[in-house]
Amino acid sequence: MIRLVALRLVFGLVTMWAASVLIFGGTELLPGDLATAILQNSATPENLAELRAHLGLDRPPLVRYGEWLTRAAHGDLGTSLSNDRDVVEEIAPRLRNTVFLAGFAALIAVPLAIGLGLLAAIWQASVFDRVINFVTLLTISVPEYLVGYLLVKYFAVRWDLFPALANVSPETDLGGRIYLTALPVVTLVLVVVAHMMRMTRASVLSIMASPYIEMAFLKGLSKPRVVVRHAFPNALAPIISVVALNLAYLVVGVVVVEQVFVYPGLGQLMVDAVSKHDLPVVQACGLIFAGAFIMLNMIADIMAILSNPRLRRPR
Amino acid sequence: MSERIPGEVILDVAHLRIAVSEGPVLVDDISFTLRRGEVLGLIGESGAGKSTIGLAVLGYTRSGCEITGGNLMFEGQDIRTMTPAQRRALRGNGIAYISQSAAASFNPAHTLMRQVCEIPLRDGCTTAAEARARAISLFAELDLPDPEHFGNRYPHQVSGGQLQRAMAAMAMAAKPDIIVFDEPTTALDVTTQVEVLASFRKLIREHGTAAIYITHDLAVVAQIADDIMVLRHGRMVEHGRSTDILHNPQQDYTRRLVADRAEGHAQFPAQDETPLLEISHVVASYSGLVRVIDDVSFAVHRGDTLAVVGESGSGKSTLARVIMGLLPREAGDVKFHGASLPPRLKHRTVDQLRRVQMIYQSPDVALNPNQTLLQIIGRPVQFYFGRSRSEVRDRVLELLRLMELPESFIDRKPAALSGGQKQRVGIARALAAEPDLIICDEVTSALDQLVGEEILRLLKRLQDELGIAYLFITHDLGTVRRIANKVAVMLNGKFVAGGLTATVFAPPLHPYTELLLSSVPEMRADWLDEVLAHNRRIAS
């Protein structure tokens, strides 16, 4: 089992490296480079060449990639072009905000989704099951910005319960943060709950055909107990991986929601950086997103391995 | 629980009828009573409705089926009209169930202890420590190793025989009045079956629990049941005391079941030519780790039937895979007609492939459900002999006739056939290649007794007519004596005994051969006691 976990860790590192190649290659393919971005209108062929030599941009891409990767691995992500600040300092508060938003949404969405999925499995084919399936299908099909604007229209504009803008600042306390981010969190929860809930229901129901489930009924156990104690533990592996996928989406996919609610998160920073040609910030954001995605999936795989007694406790 | 008076009727089933919802009737007009401490054996072939009756006693029907008539009275309460809560109480504490496959019926996610104690703890009338102590004492009673810690293991960490006994502990944990045993030893090896059977009988006798024992094997039920009911197609054929059923059966069907299997060997031609198949010092393993076949040598001549016997895990099926080239051998040689066969399937010539064919244990899995019999049987005809379409069809029809199957089956798919008919299709497919040797891997073990007999007769007839040699892999020593002229006994990948059947099965016996032979259940009611006494003598 330790071998399996170690193997999974190595795969994670390899994927991370591949992602770094794609990010560097992608920004390399963009028209213009750091020098044209800095000089902008004052660019003449002479001072472009001079600046390139100064920044080391005239060297082959492979050398620059090696250098960038080495520095990134040491925690040095370069300097922002738009305000000359260290990229790490620029990103850190934004990353905290994004993680707060994602974590808050996950805290509500994951238990809610699994709970609803188990209830739908227990009351399979009942009115509750059909309604919940229909509603989640609806929330999965409607784009998140539409959900966001609908929430704003009713909860912020018409009933004035929550603010339309989630403009938190570093000074905002926890209560204030929860209040300000209520609408974006609800938007995110509505978007991710459906997928996880449906997976929970489906994988629990697929286990319900097993002989040991029939045995559990023949032992005289009630359906809720059979579903929760006997089917659910065996359905964990697919559920964990879908949860991880959705958690990763919460970190990576919040870009749109952050834009809608003008929330100072990482996604918004990245959108700004792209429009300003601030390449070091774009690359850093890309790396962080890729890292979050890969790490969450890796954790999910390792948890799936740990949840299987055959792997956890070999003969 | 009410007071337990031995001999009092606790279960009274009258005119029970179970049907598929708005469909055929599965079980009809079944009546019996069960008294405390009594064991009723339900016997019949698959499809006889044994399990359906066993489950109905727990107020349970498989999905799509329902109890449509009759009464099921447990201690004066009608099981059919119970509320869900009453029914749950009945299942845990009144009537417990032991299924055929313990490996599939234990939840892989929980330890054995947790599953054994689940029902006693559910009601809250016992503490965790009491339930645990009772489980440990049951483990000890059932002769499970290290009873103190046995329960800490997960189902995948113990053997099949141990798991089956753990399931008996789970059933006994809540002190039920009745236990339903549903083919509990069918999935076990003969030698394991003896031990498990002995444990079950001890448990039932010491606790005075009543039991319904479902099996297809009369010899097994003879060891344990007071009464026997013979079932066929969902109806009762005969019901009476075990001794009467076994020694004085009234119905023709029961007589056929009870009748000693036809004894006596067919004559085999004398052989002095070069062997058809010669295997010398073959070694094989999976991924180079565990030696599954260890220095095995033997020869099969034209017209021979060599039976390879042994328990599961002894390497019998692996040996077949090595001969077929599915698993390359690591050392030794496999010669066919005096010429060495390449170790791997893909290096063999079409003619080498054609001459060795295989028939599988489970025709359900071995036949493509989406193809018609014409496609299934016609494929080797076309592949090996390149015949035209009409010639292929003629040849398939000829093979169907040879298999005693109606010609109209040619355009059917396997799903429309019974188990025995499917196995005949498997044989026809092997014969279509006109092979010299057919490897039969447990070909009758998935079939009912009487159907299996017919398949064996068919194989024998084909051998007499066509002179094919068989390599017959089986764990059923009864069949070996009848159909094989040579036998090889396998244990842990090695041949421990081998030669002419008459010699191997006659004294002096190799100790392992003796153990295997003595473990085959016999109809006599005192057989189990004799075997146990005998095994104790050997052990001491």
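Predicted model: local features only at pLDDT ≥ 70, side-chain atom pairs only at ≥ 80, totals over all residues.
View 1. H14(A) spans residues 266-275. Its buried residues are A:Leu266, A:Gly267, A:Gln268, A:Leu269, A:Met270 and A:Ala273. What covers them? The cover over the buried residues of H14(A) includes H5, H13 (255-260) and H15 of chain A.

**View 2. Helices H5 and H15 of chain A.** H5(A) runs over residues 87-122, and H15(A) over residues 279-306. The two pack at an angle of about 45°, and their axes lie 10 Å apart. H5(A) and H15(A) are therefore oblique to each other. Their crossing is right-handed. H5(A) makes the contact with A:Val87, A:Glu90, A:Ile91 and A:Leu95. H15(A) supplies A:Pro280, A:Val281, A:Ala284 and A:Ile288. An α-helix has 3.6 residues a turn, so residues three or four places apart point the same way.

**View 3. Helices H7 and H9 of chain A.** H7(A) covers residues 144-158, and H9(A) covers residues 182-207. The packing angle is about 135°, with the axes 9 Å apart. H7(A) and H9(A) are therefore oblique to each other. H7(A) passes H9(A) in a right-handed crossing. From H7(A), the contact uses A:Glu144, A:Val147, A:Gly148, A:Leu151, A:Val152, A:Phe155 and A:Ala156. From H9(A), the contact uses A:Leu183, A:Val186, A:Thr187, A:Leu190 and A:Val191.

**View 4. The contact between chains A and B.** Chain B gives 20 residues to this contact, and chain A gives 15 residues. Which elements of chain B give two or more residues to the side that touches chain A? They are H2 (84-94), H3 (102-105) and H5 (118-122) of chain B. The largest share of that side, four residues, comes from H2(B).

View 5. S1(B) (residues 9-20) and S2(B) (residues 25-35) pair in the antiparallel sense over seven bridges. B:Val9 stands opposite B:Arg35 in S2(B). The two strands form a hairpin with four residues between them. In that turn, B:Glu22 has a positive phi of about 50°. S1(B) also pairs with S4(B) (residues 65-74), in the antiparallel sense over eight bridges. Here B:Ala14 stands opposite B:Asn71 in S4(B). In a regular strand the side chains alternate between the two faces of the sheet.

**View 6. The six-stranded sheet of chain B and its edges.** This open sheet has the strand order S6-S7-S8-S3-S9-S10, with mixed pairing. Which strands stand at the edges? They are S6(B) (95-98) and S10(B) (235-241), each with a single partner strand, so one side of each is left without a neighbour in the sheet. The twist averages 15° from one strand to the next. S6(B) and S7(B) (residues 178-182) run parallel, joined by four bridges. B:Ile95 stands opposite B:Ile178 in S7(B). H8(B) (residues 160-172) packs on the sheet and touches S6 and S7 of chain B. The direction of H8(B) makes about 170° with that of S6(B).

**View 7. Strand S9 of chain B and its partners.** S9(B) spans residues 227-232. Five of its six residues are buried, so S9(B) is largely enclosed by the rest of the structure. Four bridges join S9(B) to S3(B) (residues 39-43), and these two strands run parallel. B:Gly41 stands opposite B:Ile228 in S9(B). With S10(B), the pairing of S9(B) is antiparallel, over six bridges. B:Arg232 stands opposite B:Arg235 in S10(B). S9(B) and S10(B) form a hairpin with two residues between them. B:His233 in this turn has a positive phi of about 50°.

**View 8. Nonpolar cores.** The largest nonpolar core has 163 residues. Which residues have the most contacts inside it? They are B:Ala166, B:Ala169, B:Ala173, B:Ile178, B:Val180, B:Ile212 and B:Tyr213. Leaving aside residues up to four places away in sequence, B:Ala173 touches B:Val116, B:Cys117, B:Ile119, B:Pro120, B:Arg134, B:Ala135 and B:Leu138. Another core, of 66 residues, lies apart from the largest one. Among its residues are B:Leu341, B:Leu471, B:Val487 and B:Leu516.

Key
Residues numbered from 1 in each chain as written. Chains lettered and ligands numbered in written order. Core = buried A, V, L, I, M, F, W, Y, C linked by C-beta atoms within 7 Å. Buried ≥ 20, exposed ≤ 12 C-beta atoms within 10 Å, placed from the backbone. Contact = placed C-beta atoms within 7 Å. Pairing = 2+ DSSP bridges. Axes fitted to C-alpha atoms, helices over the stretch in contact; angles between N-to-C directions. Parallel < 35°, antiparallel > 145°, perpendicular 65-115°, else oblique. Left-handed = near helix turned anticlockwise from the far one by under 90°.
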